[in-house]
Each structure stands twice: as structure tokens, then as C-alpha cells.
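Subject: Structure handover

Hello,

Please find the structure below, together with its sequence.

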Amino acid sequence: MTDEKNVTVLGLGAMGSALAGALLAAGRPVTVWNRTPGRADALVAAGVTEAGSVAEAVGASPLVVACLWDHRSVHETLDPVADALAGRTVVNLTNGTPGQGRELGAWAHEHGFALLDGGIMAVPPMIGTPAAFVLYSGPEEAFDVHRAALDAFGESRFVGTDHGMAALYDIALLSAMYGSIMGELHAFAMVRSAGVPAVEFAPLLQRWTTAVGGFHERTAELVDARDYTRDVVSNLGMQAAAYHNLIDAAHEQGVSPELLAPLHALMLRRTAEGHGHEDTVGLIELLLTRR
């Protein structure tokens with residue numbers, strides 16, 4: 001008989017291994033499978049069971065967690081055992097798009113099993129700590145039934161019954177992260193071009209980004225209201241007129257401005273359309289190409 005507390009983890013990359021380890025630490029019997037042999041040795045030594053096939057791994061647990069390379073690999077792994085998944089719950093924590101999450105949800109429904117699509121907001125060392133949170137979307141009943149197991153990874157956040165919502169939130173949050181990384185890399189390139197040690201500059205960067213980065217709630221209010229004229233402190237027209245200095249200075253220092261240039265084009269376009277008196281938040285209107 002399958003132990004109802006048992007969880008199967010498919011995929012033992014850095015993240016999959018961390019997920020399996022967190023489940024084991026939470027007192028769950030864990031079965032694992034990985035395409036490449038040898039990845040499970042340390043986990044097996046700690047008490048995890050390694051399955052010899054996907055079918056064996058799936059048959060061991062009512063809850064199957066997939067953390068694989070991409071959407072294609074999810075289908076390559078699960079398609080051959082689709083019939084064996086009937087009546088079980090699959091949690092897909094493979095990074096993907098909203099459309100892929102919806103496609104997988106429809107496919108799961110056709111084969112008689114519940115699918116929760118997820119987005120992991122953590123790096124592997126954060127798994128199982130209070131710093132991690134994981135987004136889930138799909139059938140809420142399946143989320144409620146298995147939440148105790150999922151909480152081993154970090155805070156569990158259910159974001160809707162639309163299978164694509166977890167991936168949408170995930171991609172949105174990652175987009176904000178990569179935007180920040182782009183600005184940070186450009187800033188360090190600028191100071192390095194002048195021979196300034198990055199470690200000397202870093203405290204100023206930390207102070208500045210903390211001071212100007214705490215306005216997410218105000219930005220959200222303007223986005224929802226679609227009113228970008230409210231309490232404008234530094235209007236778009238003024239910023240667009242001065243922004244070329246960032247690009248010119250980069251050229252002077254022998255630094256590529258390619259991480260910054262796209263924003264300038266949007267600022268100039270929005271200003272030319274008559275919105276120079278508004279907040280820069282109004283640039284969002286140029287991004288929404290499908291309305």
C-alpha cells in the first residue's frame with residue numbers, strides 16, 4: 001500500500017535535490033527519480049528511496065513533485081506514465097510560462113489527475129527556510145489536501161484556480177529581479193571603468209536603491225487607477241530630457257548602454273504622445289500591447 005505521507009520528487013538538479021531534502025527533513029517518506037544516475041546518492045544515504053523508473057517513482061506516492069529542465073521535459077517524463085497518474089496530484093515546479101501551465105492543466109484533466117502548477121521564489125539554499133515562498137495555482141482542493149507537505153519547501157501561496165497564474169506571478173517577480181540586476185550591473189560597470197573598486201561603491205548603491213525602491217504600493221495604486229498625474233514629483237518629460245546623460249556618460253567611460261537604452265526610447269515616445277507631465281509609471285501603457 002502507498003504511504004499517504006509519501007512524496008515523489010522527479011528531477012534531482014540543485015532545486016529538485018533541495019526539495020527532496022526539505023521533505024525528508026519534514027519527516028516525509030521520499031521517493032526520487034532522476035534521468036541521470038548517481039544524483040541521488042547523498043539523498044539515499046540520508047534516507048530517501050531511489051526509484052529505478054518514472055513508473056516506479058509515480059507508483060510510490062499520492063503526491064508527485066516534478067522539478068525538471070523545461071516544459072518539454074515535463075511531458076517527456078510524464079506522458080509515458082499518464083495512466084498511472086490517475087487519482088494522484090502532480091505539482092509541477094518546473095519553470096515555465098502561463099500558457100504552458102494552462103496546457104499542462106488541461107492535459108492533466110484529460111488523464112484524470114489533479115495538477116498544481118507552481119513557481120519557486122527561492123534559490124536552492126533557501127528551500128525549507130522562512131525566506132522561501134512558493135506560488136501555486138490550479139484546483140484549490142488539491143492544494144488544501146497537500147499543503148502540509150508543500151509547506152516543507154517554504155511559505156505556500158495559492159494564487160488562483162487558473163493553472164497559469166503561478167507562472168504569471170513567477171515571471172512577473174523574476175522580471176522585476178532581472179530589471180534590478182540590469183541596473184546594478186550597469187552601475188558597477190560605470191564605476192569600474194573609472195578604477196573605483198566595486199566593494200567601495202556597493203554601500204552607496206545599497207543606500208540609494210533602498211531609498212528609491214520602496215514605492216511599490218504607490219506604483220501599484222497608479223497602475224490600477226490608470227491615473228499617472230497624481231502627486232507627480234519628477235515628471236516624465238523632465239526625466240526623458242535628462243536620461244540621455246546616462247547613455248552619453250556610458251559612452252564616455254567605454255561602457256555599453258544597451259541595458260539602459262530601451263527605457264529611454266519608451267520615455268521619449270510617451271512624452272511625444274503628450275504625457276510628459278505625468279509620472280514615469282505611465283510607461284506601462286506602452287507595454288500593454290494586448291488589451
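Elements are DSSP runs numbered from the N terminus, where helices are H or I with at least four residues and strands are E with at least two.

Before the rest, the conventions. This is a predicted model, in which local features need pLDDT of at least 70 and side-chain atom pairs count only at pLDDT 80 or more, while totals for chains, interfaces and linings use all residues. Residues are numbered from 1 along each chain as its sequence is written, and side-chain values use heavy atoms, with hydrogens and water left out.

Helices α7 and α8

The axes of α7 (residues 165-193) and α8 come within 10 Å and cross at roughly 135 degrees. Axes here are lines fitted to C-alpha atoms, for helices over the stretch in contact, and angles run from 0 to 180 degrees between N-to-C directions. The two helices are therefore oblique to each other (under 35 degrees is roughly parallel, over 145 roughly antiparallel, 65 to 115 roughly perpendicular, and the rest oblique). On the α7 side the residues that meet α8 are E184, A187, F188 and V191, and their counterparts in α8 are A198, F201, A202 and L205; contact means heavy atoms within 4.5 Å. As background, an α-helix has 3.6 residues a turn, so residues three or four places apart point the same way.

Helix α8 covers residues 198-212, and its end C-alpha atoms are 20 Å apart, which agrees with the 21 Å that 15 residues should span at 1.5 Å a residue. The expected span is 1.5 Å times one less than the number of residues. Of those 15 residues the number buried is one, so α8 lies largely in the open. Buried means under 20% relative accessible area, exposed over 50%, and partly exposed in between, with a 1.4 Å probe and protein chains only.

Helices α4 and α5

Helix α4 (residues 71-78) packs against helix α5 (residues 98-110) at an angle of about 15 degrees, with the axes 11 Å apart. That makes α4 roughly parallel to α5. The crossing of α4 and α5 is right-handed. H71, V74, H75 and L78 are the α4 residues that meet Q100, E103, L104 and W107 in α5.

Aromatic pairs

The structure holds four aromatic pairs. Rings of Phe, Tyr and Trp (its six-membered ring) pair if their centres lie within 6.5 Å, and planes under 30 degrees apart count as stacked, over 60 as edge-to-face and the rest as tilted. One of the pairs is Y136 with F143: the ring centres are 5.7 Å apart and the planes at 45 degrees, so this pair is tilted. Y136 is buried at 0% relative accessibility, and F143 is buried at 2%. F143 also pairs with F158, again tilted, at 5.2 Å centre to centre and 35 degrees between the planes. F158 counts as partly exposed at 23% relative accessibility. Y136, F143 and F158 form one aromatic cluster.

A250 sits in helix α10 (residues 236-253) and is buried, with a relative accessible area of 0%. Leaving aside neighbours within four places in sequence, A250 is in contact with H186, M190, V255 and P257. A250 and L260 are 10 residues apart in sequence and 9.7 Å apart in space, C-alpha to C-alpha.

Two residues in the loop between α9 and α10 may be worth a look. R226 has a positive phi of about 55 degrees although it is not a glycine; R226 lies in the loop between α9 (216-225) and α10 and is exposed at 65% relative accessible area. D231 has a positive phi of about 50 degrees, and is not a glycine either. D231 is found in the loop between α9 and α10 and is exposed at 60%.

The chain as a whole

The chain has 12 helices and eight strands. Its C-alpha atoms fill a box of roughly 70 × 45 × 30 Å along the principal axes. Of the 291 residues, 40% count as buried. Among contacts with a separation of 6 or more, 62% are between residues 24 or more positions apart.

Regards

Terms used: Left-handed = near helix turned anticlockwise from the far one by under 90°.
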